[in-house]
Amino acid sequence: MSDFFNFDTLSLHAGQTIDKEFGARATPIYQTTSFVFPDTDTASSIFNLERGGHAYSRITNPTVSVLEQRIAALEGGSAAVCTASGMAATFCAITAILSQGDHIVASSQMYGGNISLMKNTLPRFGITTTFVDPTDIGGFRDAVEENTRLIYGELIGNPGLDILDLEAIAEIAAASRIPFMVDATFNTPYLCRCLDYGANMTIHSVTKWLGGHGTAIGGVVVDGGNFDWGAAGKYPTITEPYAPFQGINLWEEFGPSAFATRIRAEAMRDFGPSMAPMTAFLLLQGIETLSLRMEKHHSNTEQMLEFLSNHDQVSWVNHPSLPSHPSHALARKYLPKGAGSIVSFGVNGGREAGKAFIENVQLASHLANVGDAKTLIIHPASTTHSRIDAEALVAAGISEDMIRLSVGLEDIRDLKADFETGFRAAKRAADA
Amino acid sequence: MGFRTRQIHAGVTPDPTTGAILTPIYQSTTFVQPSVDEYLSKGFSYSRSGNPTVRALEAKLADLEGGADCATFGTGMSAVTATMLAFLNAGDHAIISDVAYGGTYRLCTKVLSRFGIDFTFADGSNNDDVAASVRGNTALILTETPANPTMKCSDIAAISEIAKKAGAVHAVDNTFLTPYYQRPFELGADLSIHSTTKYMDGHNATVGGAVISRTPELAAKVKFIQNSTGSIMSPQVAWLTLQGCKTLSVRMDQQSANAMAIAEYLEAHPKVAQVAYPGLKSFAQHELSSRQASGYGAMLWFEVKGGVAAGKKLMDNIEVWTLAENLGSVESLITHPVTMTHADVEEAERKRVGIIDGLVRLSVGLEDVEDLIGALDNALQQV
C-alpha cells in the first residue's frame, strides 16, 4: 500500500495485514524461535531464498517484518532490515558492502558511536574512514579516493547541529557511483525523507523518536532501492555469486532490494543482531503516534528556544531553526516542518554552573538518551566528556557550559518552571 | 497420550499462517470481523470475551485436568471469586474448607457475606463434619487439598459424594498438587481451581488463576462470570504460563523429591518439634494422600522448638531460602503464615484449624537439595 497512502495513514497501517487466523487488530507478537514447515520442498526453498517465509527468528520474524515494512514505507524505501540496536544497523549496513581495503568518507559531526565504529573498530578489519566537516562540500569531493565505497553522514549533525546538504553530497556520490548512506535518527521520515534528496539508504536508531517512549532498543537499515550496483561495478558482495546460497547473484535476483537482502542473508545469519518480537511490537506502537509526537516535540522546541534565547542565565543557544545558525538555510530546505528537538545551549558561569543547572532541574531527566517523550538533558563536560581537558572539549565541539537538551512532550509551562529552578541554582554556583 | 506429551502439546498447534511453533501473543484488544454476517466466524471479537493466546492456555489446562473446558483469570483469587459468583446466589449457603487459603477466608467473611451468602467453615479433613454442615440451601462445597498451610487433606471422592447428595457443586482447589499428581474429576469433583501463579507458571513470573470444569454446562456458567465480571488473564501472562506448563512434571518430580528429603531431615532434627508433609509415614493422612494422589508435592511445614521467637530467628538467619510469599516456583521460599499469608484470619480461628504460631512453611524449589538442607542446618544451629 506504500505509494498510495499518506504519511499518517502509513504510520498506522503499512506492513500489517490483518491476522488471517483470528482477525486480531493489533499485530500478534510472534514470540517464537522457529516456524514449522509444511513440507521439505517449502523448507528448502525458504532456506535458498527462492521464496519468502519464516524459518527462524534470527533471520526473519512476522512481528519484526511488520515493523520493517512500516519503516520502509514511511521512508519510501524498497525494503528494510531491523536490528537489535541502531549501532548494529550501522555495522550491518557498512559490512554488507565494504570489505578489507575499502574506504569511507564520513561527516566529522556524528553520534560518538558512529565515529568510534569508523575510527577505532572498522580499521581493525581493513576499512578506513576520512572524516570531513559536514559544511565543507568540496572536502567530501576531495576525500573520495579510488577505493572509496561509501559516503556516510547524519542530516542533523552532532553536537553542532549542522545540517548536511543532502543533494550536494548525493551529487558527489552519484558522480563517483558510490552509495550515500544517511543516519536519519534525529530527523525521522516525518521531518525529512532523505531518500527523496538522493540518499541511497538510511539508518535509524528506532530507540529514539520513531519508538519515542524510551522502552526498547532497536535499529533499522532502509534500502532506498535507488542505487545501480551493477553499473557501479565495484560491489562484489551484491553483484557477484554468493557462495552460501548456491552462488545466487543478489543484484540479478533482488534488484532494488539486493542490499537489504545481503544484510538479511549475511549479517542477520552470520552476525545475528536480530530484533526481538516484543521490541518490534513496542516500537510499532510508538510509530503509530510519530506525527503527533513530532508536532508536539517541535511546538515545545520553538517555545523552549524563545524562552532560552531571552533568559539572562543563558549565554548562547544553538538550533538550526534559529536565523543565527550557519545551517539555517539548509534547515529550511530539508526540514521545513522543524529542525529536530535537540537543542544545545550555554549556561552563564561555565562548568560549575552547568553542573548546578543539571542537578537542580527535576522534571527533565538527566541521562544520555535522546528522542524520548520525556525531556532529557545532559551536561557533556561533567559526564560523557568529563575526563577531557578544556582544549580537547573545544576540538570535540563541546564547551564547558554546554547543556544538551532533548525536548519532550511535557506541558511547556512546567518545563520552563523547572528550568527556572535550574537557572537560579546555576546563578548561585556562578556567583560563588 | 501421556501427561508429559500433553503438557507440551495440548492446546498448541503451529500457527497456520506462519508456522510459528509457539502460539503468538495476541496482544490485541479487538478482532476484525470479515463481514456482519460472519461475525465471530473466526471465534474472537474482543479480548475480554476471548483471546487466542489465552484460549490456548485454557485448552491446555482443560486437557491436563481431563475437564470439558477451562476459564482463566487475572489471579487465583479471581478464579475463586468467579467460582462462587457462578454457583452461589443470595440466600445460598456454601461449605468452605476451614483451612482454606487466608485470602479465600477473607473473601467469604468480608466480601461475599455482604451479598447474602452464608458460609460454614468445616473441617475438610473430616467427612462427617462436612456432611453435618450441609443445609437445604447448600449450593457449593469448596475444598483445598492439601490445604495451605496446614497440609490437611480432604477426601475428594467422599466429599464429592456428599456434594452430589446435597445437589451442590464440589470445587477442589488443586493448586498444591496440580493435575500431574491429582485429578479431582476422576474422583468425582465438579471443578478444579488453580492459582496458575504457582506450579503452572513455576518461575515467579506471573499471577493468574484458572477454573476447569468437568462438564460443558458447568464451564458455561464459569465462562459467563469470566466475561461478565471481566477479571481476565492477559495474553502475555497466558503465553508465559503456556511455557511454564511444559516443564510442569519435571519440576514437580524434582521439587517433590527435594521436599521429601528435607521433610526426613527435619523430622530427625532435635530442635524440630514436628513436621507435616504428606509423604512422611508419620503424616496423619499419609494413607489418604497416597490413595488419591500420585505424588506428595513440594509444600511442607515444621515447628521449631521454642515457638514463634525461635521460628523468627530461624527465618531471619537462613540463607538460600527466600523469605517471601508465593509458593510453587523454582526458588525455595520460607514463610511465616501467622504474620504473612494468614494474618487476616482471626487468632481463635487460626488456632482452631491448626495454624500454630510457630508454624514455618516451606515451598521447596529446584535448588540442590544439599544446599537447601545445609542452609536449614546452619539456621537451626543459630536457634
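## Close-up views of a predicted two-chain model

**Figure 1. Contacts between chain B and chain A.** Across the interface, 23 residues of chain B are in contact with 20 residues of chain A. The model is predicted, and the predictor gives the complex an ipTM of 0.75 and a pTM of 0.85. For chain B the mean pLDDT is 93, with 100% of its residues at 70 or more.

**Figure 2. The two domains of chain A.** Chain A is divided into domain 1, residues 7-287, and domain 2, residues 290-431. Between the C-alpha centres of these two domains of chain A the distance is 30 Å. Contacts across the boundary involve 27 residues of domain 1 of chain A and 28 residues of domain 2 of chain A. On the domain 1 side, helix 1 (7-13) and helix 8 (188-191) of chain A each supply at least two of the touching residues. That side of domain 1 of chain A consists of 15 nonpolar, eight polar and four charged residues.

**Figure 3. Helix 13 of chain A in its surroundings.** Helix 13 of chain A spans residues 277-287, and eight of its 11 residues are buried, so the helix is largely enclosed by the rest of the structure. The buried positions are Pro277(A), Thr279(A), Ala280(A), Phe281(A), Leu283(A), Leu284(A), Gly286(A) and Ile287(A). These buried residues pack against helix 1, helix 3 (62-75), strand 1 (79-83) and helix 14 (290-309) of chain A.

Figure 4. Ala331(A) belongs to helix 15 of chain A, which covers residues 328-334. Ala331(A) counts as buried because it has 25 C-beta neighbours inside 10 Å, where 20 or more are required. Apart from neighbours within four places in sequence, the contacts of Ala331(A) are Ile163(A), Pro320(A), Ser321(A) and Ala339(A). His319(A) is 12 residues away from Ala331(A) in sequence, and their C-alpha atoms are 9.7 Å apart.

**Figure 5. A loop residue of chain A with positive phi.** Arg177(A) has a phi near 50°, a positive value in a residue other than glycine. Arg177(A) sits in the loop between helix 7 (166-175) and strand 5 (180-183) of chain A. With 15 C-beta neighbours inside 10 Å, Arg177(A) counts as partly exposed.

**Figure 6. The two domains of chain B.** Domain 1 of chain B runs over residues 3-245 and domain 2 of chain B over residues 248-381. Their centres, taken over C-alpha atoms, are separated by 26 Å. Here 33 residues of domain 1 of chain B are in contact with 34 residues of domain 2 of chain B. Helix 1 (3-9), helix 4, helix 6 (156-166) and helix 7 (178-181) of chain B are the elements that give two or more residues to the domain 1 side. The residues of that side of domain 1 of chain B divide into 17 nonpolar, 10 polar and six charged.

**Figure 7. A β-α-β unit in chain B.** Strand 2, helix 4 (residues 102-111) and strand 3 of chain B make a right-handed β-α-β unit. Strand 2 (residues 93-97) and strand 3 (residues 118-122) of chain B run parallel and are joined by five bridges. Within this pairing, Ala94(B) has Phe119(B) of strand 3 as its bridge partner. Helix 4 of chain B also gives two or more residues to the side of domain 1 that touches domain 2 of chain B.

**Figure 8. Two cis peptide bonds in one loop of chain B.** The bond from Thr145(B) to Pro146(B) is cis, with omega near -10°. Asn148(B) and Pro149(B) are likewise joined by a cis peptide bond, with omega about 0°. Pro146(B) lies in the loop between strand 4 (138-144) and helix 6 of chain B, and Pro149(B) lies in the loop between strand 4 and helix 6 as well.

**Figure 9. An open mixed sheet in chain B.** Five strands of chain B form an open sheet in the order 8-9-12-11-10, with mixed pairing. Strand 8 (272-276) and strand 10 (322-323) of chain B stand at the edges with a single partner strand each, so one side of each has no neighbour in the sheet. Strand 10 of chain B is joined by two bridges to strand 11 (residues 333-335) of chain B, and the two run parallel. Thr322(B) stands opposite Leu333(B) in strand 11 of chain B.

Figure 10. Val320(B) is placed in the loop between helix 12 (307-317) and strand 10 of chain B. Its phi is near 65°, positive in a residue other than glycine. Val320(B) counts as partly exposed, with 18 C-beta neighbours inside 10 Å.

Terms used. Residues are numbered from 1 along each chain as its sequence is written. Chains are lettered from A and ligands numbered from 1 in the order in which they are written. This is a predicted model: local features need pLDDT of at least 70, side-chain atom pairs count only at pLDDT 80 or more; totals for chains, interfaces and linings use all residues. Two strands pair if DSSP finds at least two bridges between them. Helices (H or I, at least four residues) and strands (E, at least two) are DSSP runs, numbered from the N terminus. A crossover is right-handed if, with the strands pointing away from the viewer, the path from the first strand over the helix to the second runs clockwise. Domain bounds come from an automatic or database domain assignment. Two residues are in contact if their C-beta atoms, placed from the backbone, lie within 7 Å. Ala, Val, Leu, Ile, Met, Phe, Trp, Tyr, Cys and Pro count as nonpolar, Asp, Glu, Lys and Arg as charged, and the others, Gly among them, as polar. A residue is buried if 20 or more other C-beta atoms lie within 10 Å of its own, exposed if 12 or fewer, and partly exposed in between; C-beta atoms are placed from the backbone. pLDDT is the predictor's confidence in each residue, from 0 to 100.
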